[in-house]
Amino acid sequence: MEHIPHYRLSREAVYTRLFEHMTYGGDYYPEQWPEEVWQEDVRLMREAGVNLVSLGIFAWARLEPQPGQYDFDWLDRIMDLLHAYDIRVNLATATASPPPWLAKHHPESLPVTHDGTRLWPGSRQHYCPSNQAYRTAAQALVQRLAERYRHHPALVLWHVGNEYGCHVSACYCDESAAAFRRWLQQRYTTLDALNRAWGTAFWSQQYGDWEEILPPRRTPTFSNPSQQLDWHRFCSDALLECFEMECAILREYTPHIPITTNFMHAFKPLNYWKWAAREDLVALDMYPDPAEADAHVYAALNYDLMRSLGQGRPWLLMEQATSQVNWRPYNFVKQPGQMRLWSHQAIARGSQGVMFFQWRQSCAGAEKFHSAMVPHVGTNSRIWREVVALGQELRRLDILLPSRIQAKVAIMWDWESWWALELEGKPSCSLRQIDQVRAFYEPLFARNITVDFVPPDGDLQSYRVVLIPNLYLVRETTAQRLADYVAGGGTVVIGFFSGIVDEHDHVWLGGYPAPFRRMLGVRIEEFIALPPQQHIGIITDDGNSYNAMLWSEVLELEGAIALAQYTTGFYAGYPAVTQNRFGQGIAYYLSTQLEAAGMSWLVQHVCDYAGVQPVYSTPPGVEAIVRQDGQRTWLYLLNHRATSIDVALNAPADDLLSGQRLATICHLEPYGVAILTPSHSSLTDSF
Ligand code: GLA
């Protein structure tokens, strides 16, 4: 490594440096290639406009071939080479895939599944998060990396681990059991408190000694749900401890370098609210399936979630595919233009650039048929041409970097409630958190109404509407905050089977949904699970009929009015959707799962009532979203259709991408994109 002078920058300065330009690049695995190839790599990176690569993610075995024997020379050389070509490095701590020697010397470091099966080395992520040997070895490696590269000018970001929990989110071994007990002792202090919280009077489960407590390993039938809920919390925390253990070292050596780890979309095992608070930058790996017609809708949901996890701060699309992946049963290619479109979609929703897995397509290993920026066939290829064209285009978008996205509608999202909701023994096994969130999100997306996500203890004041697709588990404090929000003039919509249990998964007594009953002005007497495929009907007070499924309820009005009633079943004539004035605001309740048209009706009703407008009205299949800074408004139009379309403009606008001034029409090619800024007045319908 060349001698680098010592310098220190403030965190803010590093942020500015990190996002001085739109980020473009990907995972780079030079260790898979002879060094001659590196020269070609950096030359091609320059050609494509790559300015950041993630390095060393799976390089532990190469960096430490035997315990305590380190080999950093090759990493020095590639870091220097990248720096010479002005390509910055997101340096990984390389701890996601331990080398074979760890399992040989410490077989107890291998993870164990809930039925006692040990998972062996030979793929990746084969470590127990609570295992001390793994932690000690990981710490030693991270310390060496931090010491060695802390002043390297190419280093701008730390990439800790990789997709924590992706393959192994829980380990049930004895060491994990001991760690679980320590975690429980901290949480409950006494066994009495734990017995109460876990409801152990049921089925003779009362514990008389901490040592009797185990992870919820495979049991004859349903395990204790309160124990399972705590296990979910513990498993998320155990991995978070690993992450923080590495962060502590990095912060000591490089307080000026921001830290990230790559999240995986709406990933159930990890409470990302808690995780995001501990990192400097939220980063996401997103692989929408080109085979799905609405893949971009779920992608948008995830981009909004990432932006919200970072509280509106910049986030980064850390990985996506240039074309197909290799881990689905059938791996479809992206159509010409679709990779560009989906890249812009992430930027439109707040990403400060676009990164891929991976730079050069591997010729060996399990992912050799996964697409990459440089495909097996080389640069005379559609993929390479699209990669270069996108890189060139992004250079023109630095002007967007200071802008942010604003939303007037929030969806409440809670991992703890998600975990509790999907434990066994509920009225229906088909009630899934993501389905409920999507049911609310999709009609908003279709209407171009921007959405943020908020945690149960989040600040609601800037939102006109808060949607709660499902909040099965609710703490008293959350219920109180929501009541205060509505009383103060806010609007909430609460979906069925919400407000049912407390943080220990004990039912709130006093009439469902007890914590929300006064605010909603309803009392639920019975939950009615419907068989799969069965449809029931509702009719709205404005005369629309919709199908409903999955769930219904026998509901009594206690001050609310019915906006829709059931037309089928013994509960025909009972309210299905209600509205209640509470203080200065309004609380809606939805007691069933409506078909898409019904959700559109509800969302439109609520938004109209609360005065929330779409950012722009577009034809179906064209997404509109706004990025704004102090001076400018940028309206992104994204055509997700395979055919071209014209979008009418409210006012003349300049297209940042084509450089053209548009008078009345914006013509979008198949999978086309435009970034419009008004020539004079405000172009958007709202904001
Ligand atoms: C994830 C991982 C990468 C790679 C890709 C393949 O995002 O982080 O290492 O396996 O998936 O799609």
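The talk below takes a few labels in turn.

Mentor: This is a predicted model, in which local features need pLDDT of at least 70, side-chain atom pairs count only at pLDDT 80 or more, and totals for chains, interfaces and linings use all residues. Residues are numbered from 1 along each chain as its sequence is written, and side-chain values use heavy atoms, with hydrogens and water left out.

Trainee: Why is α6 called roughly parallel to α9?

Mentor: The axes of α6 (residues 132–149) and α9 come within 9 Å and cross at roughly 25 degrees. That angle makes α6 roughly parallel to α9, because angles under 35 degrees count as roughly parallel, over 145 as roughly antiparallel, 65 to 115 as roughly perpendicular and the rest as oblique. Axes are lines fitted to C-alpha atoms, for helices over the stretch in contact, with angles from 0 to 180 degrees between N-to-C directions. Helices (H or I, at least four residues) and strands (E, at least two) are DSSP runs numbered from the N terminus.

Trainee: Which residues of α6 meet α9?

Mentor: Among them are Tyr134, Arg135 and Ala138 in α6, and the α9 side includes Ala238, Glu241 and Cys242. Contact means heavy atoms within 4.5 Å.

Trainee: What makes the peptide bond from Phe357 to Gln358 cis?

Mentor: Its omega is near 0 degrees. Gln358 sits in the loop between β8 (351–356) and α13 (382–394). The bond from Tyr512 to Pro513 is also cis, with omega near -20 degrees. Most residues other than glycine have a negative phi, and most peptide bonds are trans.

Trainee: What is the phi of Glu163?

Mentor: Glu163 has a positive phi of about 35 degrees, although it is not a glycine. Glu163 lies in the loop between β4 (155–159) and α7 (174–188).
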